[in-house]
Protein chains: 2
Amino acid sequence: MNAEIISVGTELLLGEILNTDAQFLATELSKIGVDVYYQTVVGDNRDRLKKALELALSRADVIITSGGLGPTPDDLTKEVIAECMGEELVMHKESLSAMEEYFRKINRQMVESNKKQAMMPEHGKVLVNHNGTAPGVIIEKNGKTVIMLPGPPNELQPMYRESVEPYLKSKSEYMFVSRVLHVAGIGESAVAEKLEKMMESYTNPTVAPYAKTAEVRLRITAKCKTEDEGMKLIEPVEQEIRKILGNHIYGINDDSIVSVVCGLIKKKGGSISAAESCTGGMFASMIVGVPGSSEILNESVVTYADSAKMKYLGVKEETLKQYGAVSEQTAREMAEGICKNTDSLVGVGITGIAGPDGGTEEKPVGLVYIGVCLDGKTSVTKLLLAGDRAKIREAACLHAFNAVRLELEK
Amino acid sequence: MNAEIISVGTELLLGEILNTDAQFLATELSKIGVDVYYQTVVGDNRDRLKKALELALSRADVIITSGGLGPTPDDLTKEVIAECMGEELVMHKESLSAMEEYFRKINRQMVESNKKQAMMPEHGKVLVNHNGTAPGVIIEKNGKTVIMLPGPPNELQPMYRESVEPYLKSKSEYMFVSRVLHVAGIGESAVAEKLEKMMESYTNPTVAPYAKTAEVRLRITAKCKTEDEGMKLIEPVEQEIRKILGNHIYGINDDSIVSVVCGLIKKKGGSISAAESCTGGMFASMIVGVPGSSEILNESVVTYADSAKMKYLGVKEETLKQYGAVSEQTAREMAEGICKNTDSLVGVGITGIAGPDGGTEEKPVGLVYIGVCLDGKTSVTKLLLAGDRAKIREAACLHAFNAVRLELEK
């Protein structure tokens, strides 16, 4: 069974809102094994909506629309779909009284135009909307199914879970189970090359990479009848990948490099502090972004100026003079200084050139040194990062977390 | 001139990522008067991509694609489009050497598969990618234009601004000139109420608000033949709005509350330091995100634990005991402490409850106090912010910058 998602609304074509409905529906459909080959966005325009629908009917088994079920004249979805499928719109009494009840509840006057929302295709299955005035509809005709959902996510999502998912599950014979592996310290092309055979020849499960800032994600997806069967298919492929990529793999599914590092530090029962130059507090902020991080972070400093590096970290003036603020030596002294002065398990020093200016032949924009001090030992990683200032700073932080992870896992 | 956006990537069909590229392109195209009637999302599949492209060519003047320009075998956009438009792919030497240079810069081995990214349609206009390995392309043929852009937003957006926008502007007969006013310290509905008449009745220029985190943006857009004509239409409306909103308006166009505050501090010739609790370094990081911020920020501290608030800022133990870490008094002592200890022009203290846990009846999640110390005077702002942990922390920072601005503008 394959489905097509049609998102209706001129505000989408103008970029006024993000199409989160399409992402929600796509995610949910893939979970239950419904293939989606196309998503279409079309405005509140009768002809173009009709064309999009006719095209979808010609190539998909199930069409799911979002939006255009409102009370205003430019809400056309139901009218156009009814027309295309040869359905009359008739007043649906339960929907009308439910709507009247809804308006009583929020104690607002129901206007005449709302009644339009209770007009339903004569053979349609009406889906109750507990969070708004527009009911949804399912029409089955000529071997095709069209499902109309309201646009607001807080109405569409519960309606999907309550009415649409059970309906589709009852129709589809298999499901998809997938596992995401998070890979750091190696680029997408290199990963693709190492796993080329799998990516090209494996069909169930499939292996697909996608690049994120400072990491690559590998999705292993199995087509199966049960969760168990899926995991049994995924397991050996995951092991094969782990053999190839080793400790480049830092986590699975919803893990992030930040949450993984926070977890490792909690396990060790210590704290982490950073001395940040070019990242300017972003590293500490990422830790504080994880709920409960007060257990592992008490304090952290932004030492942007040389004076601050000496004041807070005891970086030696000679070091700054001889090697410069962006150097292995300075990164080392920053990490050791913050670790000592905050009595932390892990001390991190980050110094680099984020650009756009300040680069030289010998120290280009993107040059970053990361010092990690743990158990009195300090390692320094040298990075050459690409991108704009924001990208370089974010990548520097994420690489720093990976450097901390590698030390903690030793 | 009308355009169609085709987003290429199975990860979009699976709902793994949000289609922010389509929103960005739709927003930018509407700004320059290019109509978009359809957006299509299609996976990394040769046949379906070909079908989507052929359909778009049949109904749009300009087709803009995003994604599928990567080095892996499932990156097919360029190949399929070249085929549909009868173009040979030939090695583009400049792109190849740019790519080799790029890999030298990031100190990574360029693998064979990357070379595929330098293969270009023989009659294509190549668009340089300063932030990644995949160049973009413009092909003009048989009265149609196809523009291929890389998928990653940090590559697509600068490439659009640098190469695509000027190209499209040169093709369309009339232009849109717009000016954005940035409004802080007042909510969207309040702004909408104050400007209701304008927003409803003005047709050229139009006035449209949109809400962003901790600010509202007002776009004044004129349809015109020349930049000058546009500005003449915009000028009086802007003055009218400024009369109504006064110093809620902090900047225009590309200004951000951060860049505006950095500018004000540079003018005064001083520095700023922060003592951050719930924001955990995000405030300082936002300043360091502005190029050249080393002039105004030397040091800043993350004082997450009470002990750190006493150690770095001299916050009194009684204050913490009596009023708590999240209180007007603590925010005041944090601001004064950091200002004094760093000898800064402006000292900022931020303390709050970002959630999801830690809220109480009397101190709920979203409660944030911001202290601003300037010229020995300290003001404290109390906020009640909505949203999740990330949203509350970001909003707290942005409100803090606005509080600093209001003090500096006094």
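This is a predicted model: local features need pLDDT of at least 70, side-chain atom pairs count only at pLDDT 80 or more; totals for chains, interfaces and linings use all residues.
Local features are reported only at pLDDT of at least 70 and side-chain atom pairs only at pLDDT 80 or more, whereas totals for chains, interfaces and linings use all residues. Residues are numbered from 1 along each chain as its sequence is written, chains are lettered from A in the order in which they are written, and side-chain values use heavy atoms, with hydrogens and water left out.

Chain A contains 15 helices and 17 strands, assigned as DSSP runs (helices H or I, at least four residues; strands E, at least two) and numbered from the N terminus. The radius of gyration of chain A, 28 Å, is well over the 22 Å that the globule rule gives for 410 residues, so the chain is more spread out than a compact globule; the radius is taken over C-alpha atoms, and the rule is 2.2 Å times the number of residues to the power 0.38. Along the principal axes, the C-alpha atoms of chain A fill a box of roughly 85 × 50 × 45 Å. Of its 410 residues, 56% count as buried (under 20% relative accessible area, with exposed over 50% and partly exposed in between; 1.4 Å probe, protein chains only). Among contacts (heavy atoms within 4.5 Å) between residues at least 6 apart in sequence, 66% join residues at least 24 apart in chain A.

Helix H9 of chain B comprises 19 residues, 227–245, which should span 27 Å at 1.5 Å a residue; the end C-alpha atoms are 26 Å apart, in agreement. The expected span is 1.5 Å times one less than the number of residues. H9(B) bends by about 30 degrees at B:Ile234, and B:Pro236 follows within four residues; the bend is the angle between axes fitted to the seven residues ending at a position and the seven starting there. Buried residues of H9(B) are B:Gly230, B:Ile234, B:Val237, B:Glu238, B:Ile241 and B:Leu245. Their cover in chain B includes strand S9 (175–183), helix H7 (188–194) and strand S11 (215–224). Just after the helix, B:Gly246 adopts a positive phi of about 50 degrees.

The count of disulfides over all chains is zero, a disulfide being a pair of cysteine sulfur atoms within 2.5 Å. A:Cys373 is in no disulfide, and the nearest cysteine sulfur, that of A:Cys339, lies 3.9 Å away. A:Cys373 counts as buried at 6% relative accessibility. B:Cys278 is likewise in no disulfide, with the nearest cysteine sulfur, that of B:Cys397, 7.6 Å away. B:Cys278 is buried, with a relative accessible area of 4%.
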